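Have a look at the sequence and the fold first.

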Amino acid sequence: KPEKFRWCVELVFGSFPSCQMYLIRMSKHTDAADVLLERRGCAGVITLNRPKLLNALSLGMIRQIYPQLKKWEQDPETFLIIIKGAGGKAFCAGGDIKVISEAIKTKEKLTQDFFREEYMMNSAIGSCQKPYVALIDGITMGGGVGVSVHGKFRVATEKSLFAMPETGIGLFPDVGGGYFLPRLQGKLGYLLALTGFRLKGRDVYRAGIATHFVDSTKLSMLEEDLIALKSPSEENIAGILETYHAESKIDIDKPFILEEHMDKINRCFSANTVEQIIENLRQDGSPFALEQLKVINKMSPTSLKITLRQLKEGSSKTLQEVLTMEYRLSQACMEGHDFHEGVRAVLIDKDQNPKWKPANLAEVTDEDLNRYFKSLGSNDLKF
């Protein structure tokens, strides 16, 4: 997502100070070339085209993608939709959180418009009547997850890097995270959501986030084969993806990176409170558990409690119900302290030492949480 991009960039690659003014300018003024929308053969093709910014989503891009997606969905000559990222480093790494923080201080409408329109697009992807194929080659975080994970087909490669690390900046894993994360195997989604644990390569497929795994060097051939189909059915499209998946041998013999830890993940993250999860990890005492404990202790206490409740409630909601809930959360987070403090610590002062308020879990009360989940009335996200 645009509000997360700079943080994701620095997290993965380090600081890019020379790009700061460009980032801010581009987040507010989107060139049409930032996203390419083409009809090729039987397919509508979306290319996120900001490679220097790791294909960060902006509001302008969303406003181009969403209506075109709806048009292609109704077009009898369009049989599938493909979305990919340009440049080879990222599918979509997120967005520029500093711009969002600045917009709140100046009372701009960006915070309402961006989240509302992004979530509407996420919902449209989830309900799309045409097969939707996301080629998640490279970094996929935040908004990149939102424009891929809800589609019918998600293709990972050895270059894929997935993470939802929002609790580290006073946010929560949104874009429908409350829907798909609790539906992953066991309590895996809870680990990913609370700790921001990174999955790479074939592990993105093994976790159930991707539906297929294909060598990155074969993606262009895969795309051409899909585009060349004549009036394809969903089964035809699935068949081609399965063929490429079966031919890929990269890391095929390696076990899932979390396989040996799944029992303790399921045990520790089954608790009903963040405090009990922390106690479970402490009692487990294994190097893996203690590492997760160390990570969690750095996160925003408020974000941790929001996220756990988000996933628990989202596990029994529809995607649209989850997005309505997450829109409420997004607006409350924008008005709170921790998001802006996270931006300060990561982007402005770069001391990596946020001062969360409240500073500990005990001070985050149920009453506090209820305010985050409270209906916005006529301002609620509606579909």
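Is C92 buried or exposed? It's buried, because its relative accessibility is 0%, and the cut-off for that label is under 20%. Keep in mind that this is a predicted model.

On confidence, the chain averages a pLDDT of 91, and 90% of the residues score at least 70. The stretch to watch is residues 5-30, where pLDDT stays under 50. For that stretch the model has 60 contacts beyond four places in sequence.

**The overall picture**

The chain holds 18 helices and 10 strands. Of its 383 residues, 58% are buried. Take the contacts between residues at least 6 apart in sequence: 76% of them join residues at least 24 apart. The accessible surface comes to about 15500 Å², and carbon and sulfur atoms account for 51% of that.

Four of the strands, written in the order 4-6-8-9, make up an open sheet with mixed pairing. Strand 4 (90-92) and strand 9 (199-200) sit at the edges; each has a single partner strand, so one side of each is left without a neighbour in the sheet. Strands in a sheet are held to each other through backbone hydrogen bonds, in either a parallel or an antiparallel sense.

**Cysteines and a serine**

What about disulfides, and how many does the structure hold? The count is 0. In general, such a link would be a covalent bond between the sulfur atoms of two cysteines. C268 is another buried cysteine, at 1% relative accessibility.

Now for a loop residue: where does S216 lie? It's in the loop between strand 10 (212-213) and helix 10 (219-227). Leaving out residues up to four places away in sequence, S216 touches D137, T157, E158 and K159.

| Residue | Relative accessibility | Class |
|---|---|---|
| C92 | 0% | buried |
| C268 | 1% | buried |

Conventions
Residues numbered from 1 in each chain as written. Predicted model: local features only at pLDDT ≥ 70, side-chain atom pairs only at ≥ 80, totals over all residues. Heavy atoms only, no water. pLDDT = per-residue confidence, 0-100. Contact = heavy atoms within 4.5 Å. Helix = DSSP H or I, 4+ residues; strand = E, 2+ residues; numbered from the N terminus. Pairing = 2+ DSSP bridges. Buried < 20%, exposed > 50% of the residue type's maximum accessible area, 1.4 Å probe, protein only. Areas by Shrake-Rupley, 256 points an atom, 1.4 Å probe, with all protein chains shown as cover. Disulfide = S-S within 2.5 Å.
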